[in-house]
Amino acid sequence: MRFSLSILFISLFALGGKSQNINEKITEPVGYVNTLMGTASKHALSNGNTYPAIGMPWGMHLWTPQTGKMGDGWAYTYDAEKIVGFKQTHQPSPWMNDYGQFAIMPFVGSLRFKEDRGSWFSHKAETATPYYYKVYLADYNVTTEIAPTERAAIFRLTFPQSDSAYIAIDAMDGGAFVQIIPEERKIIGYSRKSKLGIQDNFKNYFVIYVDHDFDVSYTWNGKQLDKTNKTITSEQAGAVIGFKTKKDQQVHLKVASSFISFEQAEITLKRELSSYNLEQVAAHAKKVWNDKLSRISVQGGQVDDIRTFYSCLYRMLQFPQKHYEIDAKGQPVHYSPYNGQVVPGYLFAGTGFWDTFRALYPFLNLMFPSINKEMQEGLINAYKEGGWLPEWSSPGYRNTMIGNNSAAVVADAYLKGLRGYDIQTLYEAMLKGANNEGPLTAVGRKGAAYYNKLGYVPYDVDIRESAARTLEYAYSDFTIAQLAKTLERPKKEIELYRQRALNYKNLFDDTTKLMRGRNADGSFQYPFNPFKWGDAFTEGNSWHYSWSVFHDISGLIRLMGGEKMFMQMLDSVFTLPPVFDESYYGKVIHEIREMQIMNMGQYAHGNQPIQHMTYLYNYAGAPWKSQFRIREVMKRLYKPTPDGYCGDEDNGQTSAWYVFSALGFYPVCPATTQYVLGTPLFKKATLFLENGKTFTISAPNNSSENLYINTAAFNGKSYDKNWIDHFDIMKGGTFRLQMSNVPNRQKGTAADDYPYSFSTDKSS
């Protein structure tokens, strides 16, 4: 049954400060979420690189306790001892860092405004949920509580009796402004802080209201406190307000911010925070999270599996963030990080398509198509305002990673039925990005002229990671061809991209059965070490990238010499030792270390390029091998704990792999409508689709031993395919599986059972 939301307004027992008893029955999906999953991370080793995000699904702002130094991408780490502030954040990953952030910190005693204001805390006195956060600041005997809305938040600060209780507001460095308005119990300001560059007029304007009179109103400039001026504009700016408090006195803050103006922040505050009632705000946020999370109901699994599932789903609903606001007329409007203007319409920020094209966006197309429709409209606006589709937005173009993967994001949405937006403009943007170098190496296609002339990006020219680029460009060309066909573009145009989709073949080295960098004269790079990370590849080696032919696995099988050799190569990924050559980087990067310590050979699930690889046995008539490896990855590499991931949880992609895989299927090739079958983790999973239909995956005898699919029935009829179609799921129905502890070596072995491959597409 779907989770009942009827008890949401009865009480919020968690707001009393007690953690949920381990024996207490959890009746709502949000109760399974561990927001600390993945927070036990550091620069040298990622167990997720997450932080406990307090916010709303796709909210414009998130909040997090800040344990790291100001500007450190590791804003919150599980083994930290002190909290130095509660930060409004937009950070998609520590490597991208943050923008427009500011922090609030309560304290008592000596007046501290710099980062020496931190207080010891304990996870034993911390309540962390998506919709509510509470922590005890031991050094000050102060408790902080936070509840969010989409673009605002309410704080409740419980102070001890004190003649010197304070709240510090830190607008960070990078250019800031703060003004204290005591007569209105109000602080306003803006932050321009950004790690990777912003428009000259970028500002995150914030407005803070306090339900208590101020006795102290100071500003500060860097390290200098100013007790006279209540307004400051500086490279680094902040404010301190102070008052006397009684024992257990509660001080409330209403906080809202805007990328447009102070006036817009006030509009948001009035719309989203009508009172200082934290319980009401938390109850509403809890209801929204439960509504979104309960779109998938899972039953009949280990409790830790359910916790992992909903913790991953929580991560998937955070990014990209809404970068648009609702104006006084109720219309969407946004500050454009692309041209610095305020314009109408939708815009989103904080996602890298190199990661998320693989499973996160296909998941949105399946379960949340309406929000992805807004995202597609946001891409149209980004193109109109900046001239290019973003490949990494945070909030504007970021010069990181490779590829032209916006093409897959656009094509997959339309091919899976999203409508009601200007697809012709998006198609125009795709063609521009596919045939031109952009203003940054990570916008458009670096090496486009070489690629279009030679059919690959050469290794021996001044373009890094050439083989990875070639493979990703070839797949993107496939997605363009798919969309072009659907849009009934001219045959010559369709054929151009169909031919380019085969460019992956130009890098295949028959002597090693692997992909290899190729020089401009046609010779392969020499010497060649398939264990060398980087160089011709991106955050991986040839053993990882040789499977990046999402659209034509049958073609790859033929290149490798047939199904038997293909499966031997797949098996080798797991049986080879986890050796590596880090010389390209000059050090062991964290992605290498994460592969090395997982004891799964060359399989590097902690980074994205190889994540689909476990599903590829389905293309060679051995689906049971996929089932074994997929279950192994789910059970070994994911836990609902602070060290719960095996690498970066990048914008929901690594979580999306788990959620799809736990359901029993995965989108190996976005821009087709097929999901390749794996093995479900639960006895029953029900998808409550936006169109009102339900789709149920039932595996009554599923268990840790019974991981193999023996028989399958789709809507009561025997089903032997190794894939299932998106539109069949969208019609609703049942997919019933009989599981076994031994493989069924006859099921899914016929060529007609194999998933889609471009070179065997009979409809083309």
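**Salt bridges and cores: worked exercises**

At 27% relative accessibility, K373 falls in the partly exposed class, where buried means under 20% relative accessible area, exposed over 50%, and partly exposed in between (1.4 Å probe, protein chains only). Keep in mind that this is a predicted model: local features need pLDDT of at least 70, side-chain atom pairs count only at pLDDT 80 or more, and totals for chains, interfaces and linings use all residues. Residues are numbered from 1 along each chain as its sequence is written, and side-chain values use heavy atoms, with hydrogens and water left out.

**Exercise 1.** Work out whether R445 and D477 are buried or exposed, and how far apart in the chain they lie.

*Solution.* First the bridge itself: the R445 and D477 side chains meet at 2.9 Å, N to O. This pair ties together distant parts of the chain, 32 residues apart, with R445 in the loop between α8 (423-435) and α9 (448-454) and D477 in helix α10 (residues 466-486). Now check accessibility: R445 comes out at 0%, so it is buried, and D477 is also buried, at 0%.

**Exercise 2.** Do the accessibility check for the bridge between D304 and R307.

*Solution.* Their side chains meet at 3.4 Å, N to O. Both residues belong to helix α3 (residues 303-316), three residues apart. D304 has a relative accessible area of 39%, so call it partly exposed; R307, at 24%, is partly exposed too.

**Exercise 3.** Describe the largest nonpolar core, then follow F309.

*Solution.* A nonpolar core is a set of buried Ala, Val, Leu, Ile, Met, Phe, Trp, Tyr and Cys residues joined through side-chain atoms within 4.5 Å. The largest one has 234 residues, and F309, W547 and L687 have the most contacts inside it. Helix α10 supplies the largest share of this core, 11 residues. Contact means heavy atoms within 4.5 Å. Skipping neighbours within four places in sequence, the contacts of F309 include I296, V298, Y658 and F682.

Conventions. A salt bridge is a side-chain nitrogen of Lys or Arg within 4 Å of a carboxyl oxygen of Asp or Glu. Helices (H or I, at least four residues) and strands (E, at least two) are DSSP runs, numbered from the N terminus.
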